[in-house]
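This briefing covers pockets, strand order and aromatic contacts. Please keep the sequence and the coordinates at hand while reading.

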Amino acid sequence: MKVKIAIIGTGRIGRLHLKNIAALRELYEIVAIADPYDKNLAALATEYNVPFYTTDYKEIFTQPPVEAIVIASSTDTHAEIILAGVAHSKVIFCEKPIDTSLERIKEVLKAVEDAGALLQIGFNRRFDHNFRKVQETVVAGNIGQPHIIKITSRDPEPPSISYIKISGGLFNDMMIHDFDMARYLSGSEVVEVYANGAVLVDPAIGEAGDIDTAIVTLKFANGALGVIDNSRQAKYGYDQRVEVFGSKGQVVAYNDHKTNVEIDTVEGGLKDKIPFFFLDRYEQAYRDQFKEFYQVVINKTAPIVDGQDGLKSVVIAKAALRSLQEGKPVEL
């Protein structure tokens, strides 16, 4: 059975989802796309053989074949479109975050719960082959009780200043993935956050009210400790590593490389560079999350990453920002 799906928002992430869902042709039929600003919407519909396109996402709900929607529009529209999806009994996939307001997120999640709707949040890193193996190793008890969780996440280049001004800041638009990963790998909830940040990459980022370099330490309910480091600019590529150290040992996921071949000569060693950005690094994870979403739609099963995961990551992000501003740890 193919799921008839519509994609709302055809910017960078929306087009990525469009491409990946189209590649899963045995699972999905893309029946509609919507975006109020995309001047190439008609051409995009033709390219992917999508029969219906519109600048008004509400028109998608008048198309009877639509079973599920993907929300890849700007953050400030997510809550509104989720509520519309709930009202029209659609299964919903939404990019993170649900909203920047905790009260608004709670309002949305109550509507989802009251309607018995299904909502999956786009924390794609949970579907990464490396990180999933780390999590499975921890759950199996192979390293014993987790003691320390380390996460490194560094972008190859900073986003535009115009984006930074509306993104909600580094903790909200970048480290939020790592907050979710910390919960995922530790198997526990964060109970305390302590953040340090600096502007070391571009003074314009500081002038826009944000930071570009950060270290956040975490305390978990199970007693474990965590540390996350972020940078807006790692010139060597997209640096993505995790480590969980426990009472019996450790499990580590290093950066992916195009190949694992290493060349050693008298001049020194050489190996392939790491991927440059998330589009390459998480290609498999992006597709696997939609394989999971297919099961959610077809079998009406609870998503692996649900609305509560979306809420808790925003809570941690807000605590980190408060800690940075106040210069002290913040309890959740």
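The points below are grouped by topic. The model is predicted. Its largest pocket holds about 1,400 Å³ of space, an open sheet contains six strands, and 10 aromatic pairs are counted.

**Largest pocket**

- About 1,400 Å³ of space lies in the largest pocket, and 47 residues line it.
- Nearest the centre of this pocket are Arg12, Ile13, Ser73, Thr75 and Tyr163.
- Four helices each contribute at least two lining residues: α1 (12–23), α3 (75–87), α6 (161–167) and α7 (170–173).
- Helix α3 provides the largest share of this lining, with six residues.
- Sorted by class, the lining of the largest pocket consists of 19 nonpolar, 16 polar and 12 charged residues.

**Second largest pocket**

- The second largest pocket has a volume of about 290 Å³.
- Of its 17 lining residues, those closest to the centre are Gly168, Gly169, Phe171, Asn172 and Leu321.
- Helices α6, α7 and α12 (307–326) each supply at least two residues of this lining.
- Helix α12 gives the most to the second largest pocket, namely five residues.
- The lining of the second largest pocket is made up of nine nonpolar, five polar and three charged residues.
- Helices α6 and α7 each supply at least two residues to the lining of the largest pocket and at least two to that of the second largest pocket.

**Sheet**

- The six strands of the open sheet are arranged in the order β3-β2-β1-β4-β5-β6, and their pairing is parallel.
- At the edges stand β3 (52–54) and β6 (119–121), each of which has a single partner strand, so one side of each lacks a neighbour in the sheet.
- From one strand to the next, the twist averages 20°.
- Strand β1 (residues 3–8) and strand β4 (residues 68–71) run parallel and are joined by four bridges.
- Within this pairing, Ile7 is placed opposite Val70 in β4.

**Aromatic pairs**

- How is a pair of aromatic rings described? By the distance of the centres and the angle of the planes.
- The count of aromatic pairs comes to 10.
- For Phe93 and Phe293, the ring centres are 5.7 Å apart and the planes stand at 75°, so this pair is edge-to-face.
- Phe93 belongs to strand β5 (residues 91–94) and Phe293 to helix α11 (residues 283–299), so their pairing ties together parts 200 residues apart in sequence.
- Phe93 and Phe293 are both buried.
- The ring centres of Tyr238 and Tyr282 are 6.0 Å apart with planes at 90°, so these two also form an edge-to-face pair.
- This pair links distant parts of the chain, 44 residues apart: Tyr238 sits in the loop between β10 (225–231) and β11 (239–246), and Tyr282 in the loop between α10 (278–281) and α11.

**Burial and aromatic cluster**

- Are Tyr238 and Tyr282 buried or exposed? Tyr238 has a relative accessible area of 3%, so it counts as buried, and Tyr282 is buried as well, with a relative accessible area of 1%.
- Tyr238 and Tyr282 belong to one aromatic cluster together with Phe131, Phe277, Phe278 and Tyr286.

Definitions and conventions
Residues numbered from 1 in each chain as written. Predicted model: local features only at pLDDT ≥ 70, side-chain atom pairs only at ≥ 80, totals over all residues. Heavy atoms only, no water. 1 Å grid on protein atoms, 1.4 Å probe; cavity = no way out; pocket = protein on both sides within 12 Å on 5 of 7 lines; lining within 4 Å. Points joined across faces, edges and corners; volume = space filled by probe spheres on them. Nonpolar A, V, L, I, M, F, W, Y, C, P; charged D, E, K, R; others polar. Pairing = 2+ DSSP bridges. Axes fitted to C-alpha atoms, helices over the stretch in contact; angles between N-to-C directions. Phe/Tyr/Trp six-rings, centres within 6.5 Å; stacked < 30°, edge-to-face > 60°. Buried < 20%, exposed > 50% of the residue type's maximum accessible area, 1.4 Å probe, protein only.
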